[in-house]
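Hi everyone, thanks for coming. Please bring up the structure on your screens, and we'll walk through a few spots together.

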Amino acid sequence: MRTLGIDLAAQPANTSACAIEWGTGRPIVSELRSGLDDDHLIDAIEDGDRVAIDAPFGWPDEFVDAVAAHRNRAGWPGSGEDQDLYRFQLSFRATDRRLIEHGARRPLSVSTDLIGVVAMRCAYLLDRLAALGDPVDRSGSGKVVEAYPAPALTSWGLSAVGYKSRVGVTRLPALLSQLEEGLGGFEMTIQQREAAEADHNCFDALVCSLVARAAALGLTQPPEPGEEADRAAREGWIHLPTNPLPHLLEK
């Protein structure tokens, strides 16, 4: 199995991808690099068996409905409601709310934070995949799933606090070592290891590749059937690991 993790950014310069080959021995990091444009990402996705992308796959239903109503001068849908609560609903998807309810650090809002620009690039990529005959189920039941590296690390018992800051980046070597302890090590080149230990974009791409493996083995939390699954098919759904790291080695 070949898994691919993508740490998507608004521009190619900070966009990283990590491919991992899973066989009978240790996981092999076959590719880890940055500076990837849309064409390179599409090619890489097509070559992967399971793919995890760190980017929102959609926007909150309430936000989409409110913007459409405002454009059409149909009145603001939240009039008469508690505006603080309504703005919370505009800002966060069902999957984001699930994370918040379970005590995770509040995700960036795809409708009010700069990550919305990343979501636009992601939407373009998903549309290109559909045009190539490989449509993406945004709830993650198909080849491509949405990932969120920080809470994924937490799910595996690792502390993900602050590793993207200028000071916190010094924690990357220890975090990589902890991942390797759970998996019996990675086969990777010196250059790949240096990238994962010094660049949080590359490190996140590697974590996303591990999430892709977890999703392939059915070791992530899907949305609940019914309304939550319906929303996830429109808004996207963050797949968090449910099992310890060593379980990723199961055949």
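Let's start with a question: does Met-120 count as buried or exposed? Met-120 sits in helix H5, residues 115–131. With 54% relative accessibility, Met-120 counts as exposed. Here buried means under 20% relative accessible area, exposed means over 50%, and partly exposed is in between, using a 1.4 Å probe and protein chains only.

A quick word on the background. This is a predicted model, where local features need pLDDT of at least 70, side-chain atom pairs count only at pLDDT 80 or more, and totals for chains, interfaces and linings use all residues. Residues are numbered from 1 along each chain as its sequence is written, and side-chain values use heavy atoms, leaving out hydrogens and water.

Now look at Thr-95, which belongs to helix H4, residues 94–101. Helices (H or I, at least four residues) and strands (E, at least two) are DSSP runs, numbered from the N terminus. Thr-95 counts as buried, because its relative accessibility is 2%. Leaving aside residues up to four places away in sequence, Thr-95 touches Gly-236, Trp-237 and Ile-238; contact means heavy atoms within 4.5 Å.

Next, a pair of helices. The axes of H7 (residues 172–183) and H9 (residues 200–216) come within 11 Å and cross at roughly 20°. Axes are lines fitted to C-alpha atoms, for helices over the stretch in contact, and angles run from 0 to 180 degrees between N-to-C directions. H7 and H9 are therefore roughly parallel to each other, a label for angles under 35 degrees, with over 145 roughly antiparallel, 65 to 115 roughly perpendicular and the rest oblique. Who makes the contact? On H7 we find Leu-172, Leu-175, Leu-176, Leu-179 and Leu-183, and on H9 His-200, Phe-203, Leu-206, Val-207 and Leu-210.

Finally, the largest nonpolar core has 41 residues, and Trp-156, Leu-179, Phe-186, Phe-203, Leu-210 and Leu-248 touch the most other members. A nonpolar core is a set of buried Ala, Val, Leu, Ile, Met, Phe, Trp, Tyr and Cys residues joined through side-chain atoms within 4.5 Å. H9 gives the most to this core, with eleven residues. Another core, of 22 residues, lies apart from it, and Leu-41, Val-51, Phe-57 and Leu-129 are among its members.

Back to Leu-179 for a moment: its contacts, beyond residues up to four places away in sequence, include Leu-153, Trp-156 and Leu-245.
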